[in-house]
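Open the model in your viewer and keep the selection panel at hand. The tour goes from the whole chain to single residues.

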Amino acid sequence: MIQSNASMPSSIADSLGNRREVPFVDLQRQIQSLQEEFRGAIWAVCERADFILGTETERFEQAFARWTGVDYAIGVASGLDALRLSLVALGIKKDDEVIVPANTFIATALAVTAVGARPILVDCEPHSHNLDPTKIAAAVTNRTRAIMPVHLSGHPANMAAITLVADRYQLAIVEDACQAHGASIQGRQCGAWGNAGCFSFYPGKNLGAFGDAGIVTTNDSALAQKIRRLRHYGQQAKYDHIELGCNSRLDTLQAAVLNVKLPRLDGWNIARRKHADQYRQSLQGVGDLRLPAFCPDGTNHVYHLFVIESEQRDALQQHLAAAGVQTGIHYPIPIHLQPAYADLGYRRGAFPVAEKLASRILSLPMFPELRSEEIEYVASSIRRFFSKRVEYESDENGSESRQVVGAE
């Protein structure tokens, strides 16, 4: 039975009919719910005035290492710096090559370029959108030194298969876990599989700071010590510089914010999975939509993004914008087609899976505080888009055509 909006609660009625605004991410909801704790944590740093490599930074590094299941965590200024400093510490240098997914944010490749090495792109799996392990070996040369798998959107990459390839060719693994805080494979966290794991705490991440911040995780004590030196001007003691370092430290104020958030991260990830389940239930079988792939048993997705696919992506995005729903495209231009990387010499068609995804993918609103009625409003708006498509059908004799418009 179809129930009229008048007899429904106002929130459900809004979700089914009236226009409303649904943000892609709303950071204010989380901030407001924890504002007193944030104020206290930030003011405690101000009272101590230990703004650089202070108490809260060390406390967060230790807590994040325990949470990830590794021996060491080294706070740095950003996710990009986490990737870059990991490569430097592993000895990756000019003229070396590093395997990078063609389907990822450009920072993955920029870290390789920043150390003078060459990113060698490899296409992705059509189902997970992650690096395709079956295509890595063909890209390996005598200059290849490392593989940088990305756990894109919070979906863990196939680390068992990637590790086998890395072991066969004696390659280091630097995990880009910048979108995968809490994702895991057989109980082992992303960021704990490779020589180094790299995380971003950009504000919109599953675990976000109040600005740029990052961290490197590792079980290698020598690697941890080197990254600690590199982030702090290459010094082993004050004014004793044993290598060429830089300034890339996790601010104590940001660490204080992250210390408030970290104990809640598991709960926030559970909320994201529930949101994903609701999207799936509401959108199953709708139009030409392809929903995010299910992870293999024992693999946990943390849904940093909920990415759907459609041949009508651009029209769907416009329809959702008109309905007040914010969306994103991650990412509309593959790395090999970016002007900044024209010198790599790749041409259109080099990575057909990544290129196809770039024209089809659409990220729906996803954050822990997203409300059930907002998800239903997004889903109902998508259903309306497909129900009102204009179709042309020939009559029985094929001599005429008529326009069929579904109900709004």
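Start with the surface of this predicted model. Its accessible area comes to about 18400 Å², and carbon and sulfur atoms account for 50% of that. Of the 408 residues, 55% count as buried.

Now switch to cartoon. Along its principal axes, the C-alpha trace spans about 85 × 55 × 40 Å. Next, consider contacts between residues at least 6 apart in sequence: 68% of them join residues at least 24 apart.

**Stop 1: the seven-stranded sheet**

Select the strands S1, S9, S8, S5, S4, S2 and S3. In that order they form an open sheet with mixed pairing. Which strands stand at the edges? They are S1 (72–76) and S3 (118–122); each has a single partner strand, so one side of each is left without a neighbour in the sheet.

Check the partners of S9 next. S1 pairs with S9 in the antiparallel sense, over five bridges. S8 and S9 are also antiparallel, with four bridges. Centre on Thr217 of S9. Ala73 stands opposite Thr217, and Gly197 stands opposite Thr217 as well.

Move to S2 (97–101) and S3. These two strands run parallel and are joined by five bridges. Pick Pro101: its bridge partner in S3 is Val122.

**Stop 2: a buried arginine**

Select Arg231. It sits in the loop between H8 and strand S10 (235–237). Is Arg231 buried or exposed? Its relative accessibility is 7%, so Arg231 counts as buried.

Show its surroundings. The side chain of Arg231 reaches the backbone oxygen of Gly75 at 2.7 Å. Leaving aside neighbours within four places in sequence, the residues in contact with Arg231 include Leu53, Glu61, Ile74, Gly75, Val76 and Leu85. Cys246, Asn247, Ser248 and Arg249 are also in contact with Arg231.

**Stop 3: the three-stranded sheet**

Select S7, S6 and S12. They form an open sheet in that order, with antiparallel pairing. The edge strands are S7 (188–189) and S12 (299–300), each pairing on one side only. Zoom in on S6 (184–185). Two bridges join S6 to S7, and the two strands run antiparallel. Which residue of S7 is the bridge partner of Ser184? It is Gln189.

**Stop 4: backbone details in loops**

Go to Ala49, in the loop between H3 (35–48) and H4 (55–68). Its phi is near 60 degrees, a positive value in a residue other than glycine. With 47% relative accessibility, Ala49 counts as partly exposed.

Jump to His129. This residue lies in the loop between S3 and S4 (144–147). Phi of His129 is near 70 degrees, again positive in a residue other than glycine. His129 is buried, with a relative accessible area of 10%.

Finish at Tyr331. Where is Tyr331? It lies in the loop between H11 (313–322) and H12 (352–360). Display the backbone atoms here. The peptide bond from His330 to Tyr331 is cis, and its omega is near 20 degrees.

How values were computed
Residues are numbered from 1 along each chain as its sequence is written. This is a predicted model: local features need pLDDT of at least 70, side-chain atom pairs count only at pLDDT 80 or more; totals for chains, interfaces and linings use all residues. Side-chain values use heavy atoms; hydrogens and water are left out. Two strands pair if DSSP finds at least two bridges between them. Buried means under 20% relative accessible area, exposed over 50%, partly exposed in between (1.4 Å probe, protein chains only). A polar contact is a pair of N or O atoms within 3.5 Å; within protein, one must be able to donate a hydrogen and the other to accept it, and residues adjacent in sequence count only if both atoms are side-chain atoms. Contact means heavy atoms within 4.5 Å. Accessible areas come from the Shrake-Rupley method with a 1.4 Å probe; for residues, only the protein chains shown count as cover.
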